[in-house]
Amino acid sequence: MGVSFLSTCPSLLPLVAYDTPPSTRYQPRSVSICCNKTISNVSDEEPFHWRRREILKCAGATVGLELIGSSGSLVGMANAADLIQRRQRSEFQSKVKETLFTAIKGNPDLIPSLLTLALNDALTYDKATKSGGPNGSIRFSSEIGRPENTGLSAAMNLLEEAKKEIDSYSKGGPISYADLIHFAAQSAAKATFLAAAIRKCGGNEEKGKTLYNAYGSNGQWGLFDRQFGRADTQDPDPEGRVPIWEKASVQEMKDKFVAVGFGPRQLAVLSAFLGPDQTATETLLATDPDVAPWVQKYQRSRETVSQTDYEVDLITTFTKLSTLGQQINYEAYTYPPPKIDITKLKL
């Protein structure tokens with residue numbers, strides 16, 4: 001029988017959030033020009049003569065390079081502004097993760113609900129109409145009260161409290177519910193990865209943290225972290241798009257996953273998102289010949305030290321899930337930097 005990574009959460013330790021490394025600033029280069037010249041007589045004693053056309057070419061090239069050189073400062077200013085925005089978003093995201101880790105650490109029993117909350121928010125996506133998806137619509141009482149979302153209200157309430165704290169220190173506007181829900185699911189998944197490492201170290205938290213930092217998948221979240229700027233919808237998504245997972249057959253689950261561009265592999269790796277008992281869910285999924293090989297693959301992976309196959313595939317699938325139909329605003333949560341009055345600087 002496979003090992004469920006939700007079955008044991010002895011302790012949830014905060015993980016260090018890594019900033020996205022900034023891009024290298026453009027450095028203008030000086031360019032030397034070699035003008036063509038025509039020699040009328042190859043004899044060393046005879047002077048060479050410049051053609052008028054060649055002189056004009058040299059002059060034109062020189063003026064062109066001067067213009068390019070003068071635009072370097074504009075390029076530098078644009079790159080500097082971009083770096084400032086990246087730093088603002090990175091610092092804000094790090095604080096958001098700290099807040100969510102703290103909230104989850106105090107409520108580890110809500111981890112399965114946080115995962116399902118993100119899944120059900122995203123799976124309202126409809127490819128034909130390009131509607132629904134991870135847009136935070138599940139926050140509305142009329143949507144979270146639907147049968148498929150039974151038991152998820154406590155997780156949403158936890159995030160509402162976290163949102164108040166996050167919005168209180170945000171300098172670039174309130175965090176969207178869409179970002180909040182899916183970054184909370186990321187934090188929940190990371191917490192379970194860490195908990196599995198601690199369990200493999202006999203419950204020793206320090207050794208478990210060291211194991212996870214050395215062999216875990218923490219560095220694989222880069223693409224997910226860049227998708228920061230989801231927009232909220234202002235209305236609930238249409239009903240009937242998300243199955244009731246506890247009652248759905250494997251075929252119904254497969255059909256829903258296929259409808260959004262996934263297959264048996266993605267269904268298997270997201271087994272922890274389909275209900276509170278991952279082992280029971282995988283037992284059901286293993287009855288299907290298409291899904292069973294993937295279930296077995298990820299169960300074997302979870303029994304290894306690093307869980308590499310399982311964690312990397314989960315991160316890849318969840319990253320795609322959390323952006324279905326979304327247009328990410330890569331300037332979200334940025335703000336004008338404070339202006340400095342250079343006349344008041346003491347030299």
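Reply: Start with the term. A salt bridge is a side-chain nitrogen of Lys or Arg within 4 Å of a carboxyl oxygen of Asp or Glu. This is a predicted model. A search of the whole structure finds ten salt bridges.

Me: Why is the contact between Arg86 and Asp82 called a salt bridge?

Reply: The closest N and O atoms are 3.1 Å apart. The cut-off is within 4 Å, so the pair qualifies.

Me: What places Arg86 and Asp82 about one helical turn apart?

Reply: They are four residues apart in helix α1 (residues 52-105).

Me: What makes Lys97 and Asp225 a salt bridge?

Reply: Their closest N and O atoms are 2.9 Å apart. That is within 4 Å, so the label holds. Lys97 lies in helix α1 and Asp225 in helix α7 (residues 222-226), so the pair ties together parts 128 residues apart in sequence. Both residues are buried.

Me: Why is Asp313 called buried, but Arg265 partly exposed?

Reply: Asp313 has a relative accessible area of 14%, under the 20% limit, so Asp313 is buried. Arg265 has 33%, between 20% and 50%, so Arg265 is partly exposed. Their side chains meet in a salt bridge, 2.9 Å from N to O.

Me: Which residues are linked in a network of salt bridges?

Reply: Lys254, Asp288 and Asp290.

Definitions and conventions: Residues numbered from 1 in each chain as written. Predicted model: local features only at pLDDT ≥ 70, side-chain atom pairs only at ≥ 80, totals over all residues. Heavy atoms only, no water. Helix = DSSP H or I, 4+ residues; strand = E, 2+ residues; numbered from the N terminus. Buried < 20%, exposed > 50% of the residue type's maximum accessible area, 1.4 Å probe, protein only.
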